[in-house]
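Hi there,

Here is the structure I promised to pass on to you. Have a look at it first, and then read my notes below.

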Amino acid sequence: MRLNGGWKTKLRSGFGAVGGERALGCLLLLLVILLPLLWMVGYAFLCSLGNFGLQGTGWTLDHWSLALTGSRVWRSLLLSSTLAVASTFLAWQSAVWLVSRRGGLRTDRWLQAMWCLPVAIPPVVQAFLANLCLNRGGLLSRICWQLGLTNAVTDFPVLVQDRFSIGLLLTMTAASIPLLVLFLIRIWGVARIDDYLLTARALGASPDFALRKVAVPMLRRRSRSVLLLVLIWNFSAWELPLLLGRQSPRMFSVLIQQSAGQFVLDERPQAFVCVLLYLVLAAAAVGGLSAVAGNFGRRLQESDHG
Amino acid sequence: MAKHGGLDGKPRRRGWQTAALLCMLAPQLFLLLLSLGTGWSYPGLLPDRLDGGPWQLLSAFSGLLRAALTGAALSLAAAVLSTLFGLLISRVLRSSRGLKRRLSEALLLLPFVVSPIVAGVCLFDLAARVGLAGSFTGVLCGHVFFGTATAVAVLSQAWSDQATRQELLVRSLGGGTLAVWRHAVWPHAQGPLLVCMLQTALLSWMDYGIVLQIGGGRVQTLTLRLFALIRESSVNQAALAALLLLLPSLPAAMVFAAKYTGGSDRALKK
């Protein structure tokens, strides 16, 4: 049931925060959210132009040209986006497979509850665990030795800080799966996919065909916002690549943090060029999110009225 | 309801459940095993000596325990403040319309998306200028920035049309702000408030970027200790730190499970 639109508009000032409560809320919005955001953008902008911060030298565009003409920033952007897209895609495929092919997961609350456990693992612990398991002297390598598959440490492939970032990709994928699984289970119920599958089966589709042509497209449409969120989170991953990634090229967040505050202070203004690039990407993601969420909301309303 | 894949006999289902439970608890069990011993030399799967070494150090009020307490205090304070701020801001958002509302919503999404480490790199100078760098309060401010955005996202779901009607009723019967909060806001926000506090507390508990950048090593939390121990390559101590970091995930998972699972049943009831 929803309120009549006209009534709602007429009584607009009658609900939500009014008077002093509204002023307090606006002040908090300004102080807690807006001020830090504005500071971040302004500070990064001024620092990248060399005129602010700890070693301001005066207006210059040198840092921009140095950062944008060198290969360091672009290589790390490429690495971050490739890994983000690949890990999100793999996690999505695995989550869809788990939710659609393992029916028990959708009906058994006990199984669902267990998927909440890995969601609450901090990224630092994820990185530590991955390092313990995938390292050349780690758990997997030891198991291979015990089974007689390898004879020495060097027989096990390099999976941590390796050339192709395989360990990092595996860990990022594994870390994204639980959240997607929980979300897909929820969508499966809310969108009543079981009813659609039943209809498809009644019309003569095989179970496999119905899953591929009905369930998966429905899941995909409805999870665009979460996929975008997972994508940008994976893009900005920091703890995992700090421990599992190579030093060159570095993931984007690692590049920003290390060039902003470690070893070579000359690179600091360039780090803020990267921060601005990152913020533009994040803002684009937010724009995409609100667009997708807006469409989703409208579709829900239409289906409510229909 | 249509059934696909493995949902047939009971024994098979119970097998699945046990296997899943073992899979999900494997990290905790592995860390517990490592933390119970000393050393972990190559081909062995178990620690060299099972003597509970790291645990003995923990009992003698070591840095690890102090870091855990600092982290707990930090996440408790961050959870309370973020939830309160989020509640107030989400009520402002509700009474505004059009461009202003969409703009504020987008602004609130930004901290949700931006990586804490990038924010920390930029906000360190601000914290240093107001004298908060390297202090508990500075780190808390950083966590509240992220926590409030999360809280608004969670609490916006609390405001249904029923809540609006109830509020209008209280107002038209002559109730002031206090009465509205008591009779309309509180009954609807109660449930989401718990989830919101838990989520913001976890956010602060898991954070490494803000603590490292703004705390500058002077505010020691478990994540910071864990990374230091990994760098020292003391595997057993690090395993204990990681295990302590995982402790709150158990009750959190229980609350999330109670709140968010069973989607298909609810949809059928609708």
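A:Leu34 belongs to helix H2 (residues 19-48) of chain A. Apart from neighbours within four places in sequence, A:Leu34 is in contact with A:Leu29 and B:Leu107; contact here means that the C-beta atoms, placed from the backbone, lie within 7 Å.

A word on the source: this is a predicted model, in which local features need pLDDT of at least 70 and side-chain atom pairs count only at pLDDT 80 or more, while totals for chains, interfaces and linings use all residues. Residues are numbered from 1 along each chain as its sequence is written, and chains are lettered from A and ligands numbered from 1 in the order in which they are written.

Chain A has 15 helices and zero strands; these are DSSP runs numbered from the N terminus, with helices (H or I) of at least four residues and strands (E) of at least two. Of the 306 residues in chain A, 43% are buried.

Now for the two chains together. In chain B, 77 residues are in contact with 86 residues of chain A. Helix H4 (residues 98-113) of chain B gives the largest share of chain B's side, nine residues. That side divides into 50 nonpolar, 17 polar and ten charged residues. Ala, Val, Leu, Ile, Met, Phe, Trp, Tyr, Cys and Pro count as nonpolar, Asp, Glu, Lys and Arg as charged, and the others, Gly among them, as polar.

The largest nonpolar core has 162 residues, and those with the most contacts inside it include A:Phe128, A:Cys274 and B:Leu226. Such a core is a set of buried Ala, Val, Leu, Ile, Met, Phe, Trp, Tyr and Cys residues joined through C-beta atoms within 7 Å. Leaving aside neighbours within four places in sequence, A:Cys274 touches A:Ala67, A:Val73, A:Phe252, A:Leu255 and A:Ile256.

Finally, which way do H6(B) and H8(B) run relative to each other? They are roughly antiparallel, a label for angles over 145 degrees. The contact between H6(B) and H8(B) involves nine nonpolar, six polar and no charged residues.

Enjoy exploring!

Note on methods: Buried ≥ 20, exposed ≤ 12 C-beta atoms within 10 Å, placed from the backbone. Parallel < 35°, antiparallel > 145°, perpendicular 65-115°, else oblique. Contact = placed C-beta atoms within 7 Å.
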